[in-house]
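Colleague: Please take a close look at one part of this model for me, and spell out the terms as you go.

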Amino acid sequence: MTFDAFADSAHPITWPEGKQAAASFTFDVDAESCTIAHDPKSTRRMSLMTHQSYGPKVAVPRLLQILQRQDIRATFFVPGFTAECYPDTVRRIVDAGHEVAHHGYLHEPMQGIDAGTEARYIDRGLEALAKAAGVEPVGYRAPWWELNWHSPALLADRGFLYDSSLLDGDAPYRFSVAPGDSRDIVEIPVDWALDDWEQYAFYPGVTGSGVIESPAKVLEMWTLEAEAHHAQGSCFVLTNHPFISGRPSKAVALEKLIERVKSMDGMWVTTMEEIAEHTRRTVQEVHEHARIEVPSFPDTGARFTPSTLRQTNPTASLG
């Protein structure tokens, strides 16, 4: 029996002529930054540092070869600290024609930080990317996908076109950066099922359960996800970390996946920037996310502010 696919009705979108769905292969080039942010004393662990440096030193060149052979452009989210440590790697990514986007400075823990602190992280990351390779990113992905309510306005202040940190959709959409603020940015949602961290990541005393999945199993799972996104006309966004998915068998499985996704009729395989530009040009609805306030649980209960939707000119500037 064949079942019809059901699209993300909350975020309707039409793709360029001749395209049925979109896909983007993205890489978070965390290198040492994520372990240092988790525990600064991790710098004392030589083996751990080499595990992380495998990403920019060995895996990124391998991944660039795969992307060149497959003739696709990808998006690399690069922390500012990675750009400072490995500027040649960032330049290789840019020279190969791929998009470089912002991923914090030191992959900082984001939960609960104030706007001033977060602004300093963003600005320091911007400075590092500009110095390393002259990059002026239009895209942002929060470390650990942990966006704060004040984050979107900070991004709009700095002219970002899109974010890719939220998990409430299958297709890109536009959303208001703050209540009462006329500005909006594009969101390209992500999904933990489409992150290699949950499949492969393991280092003793740092992360993971010790169960490292077979690339064959991961290839099957991600293929099913890609087929579903293709069938329902949405946006398949895969998040990989070079120090994980750049390892030999995982990289082979990733290239097989790229071939399968490319072969899907009408699948637009491109960068996040191009998807975001298309969304801004063609989508008129602007979402405002629902908010929940719990002033003093359980005595005073909780307050729920529902999400809203407004129409706007899709070609309007960020403001």
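**A helix pair, then a cavity**

Modeller: Let's start with helix α2 (residues 46–70) and helix α4 (residues 87–95), whose axes come within 10 Å and cross at roughly 5 degrees. Helices here are DSSP runs of H or I with at least four residues, numbered from the N terminus, and axes are lines fitted to C-alpha atoms over the stretch in contact, with angles from 0 to 180 degrees between N-to-C directions. So α2 and α4 are roughly parallel to each other (angles under 35 degrees count as that). On the α2 side, Pro56, Val60, Pro61 and Leu64 make the contact, and α4 brings Thr89, Arg92 and Ile93 (contact means heavy atoms within 4.5 Å). By class, this contact has five nonpolar residues, one polar and one charged (Ala, Val, Leu, Ile, Met, Phe, Trp, Tyr, Cys and Pro are nonpolar; Asp, Glu, Lys and Arg charged; the others, Gly among them, polar).

Bear in mind that this is a predicted model, with local features needing pLDDT of at least 70, side-chain atom pairs 80 or more, and totals for chains, interfaces and linings using all residues. Numbering runs from 1 along each chain as its sequence is written, and side-chain values use heavy atoms, leaving out hydrogens and water.

The largest cavity has a volume of about 50 Å³, volume being the space filled by probe spheres set on the points. Tyr200, Pro215, Val218, Leu219, Trp222, Ser245, Lys250, Ala253 and Leu254 line the largest cavity. Helices α8 (215–232) and α10 (248–263) each supply at least two lining residues, and α8 gives the most, with four. That lining splits into seven nonpolar, one polar and one charged residues.

Terms used
Parallel < 35°, antiparallel > 145°, perpendicular 65-115°, else oblique. 1 Å grid on protein atoms, 1.4 Å probe; cavity = no way out; pocket = protein on both sides within 12 Å on 5 of 7 lines; lining within 4 Å.
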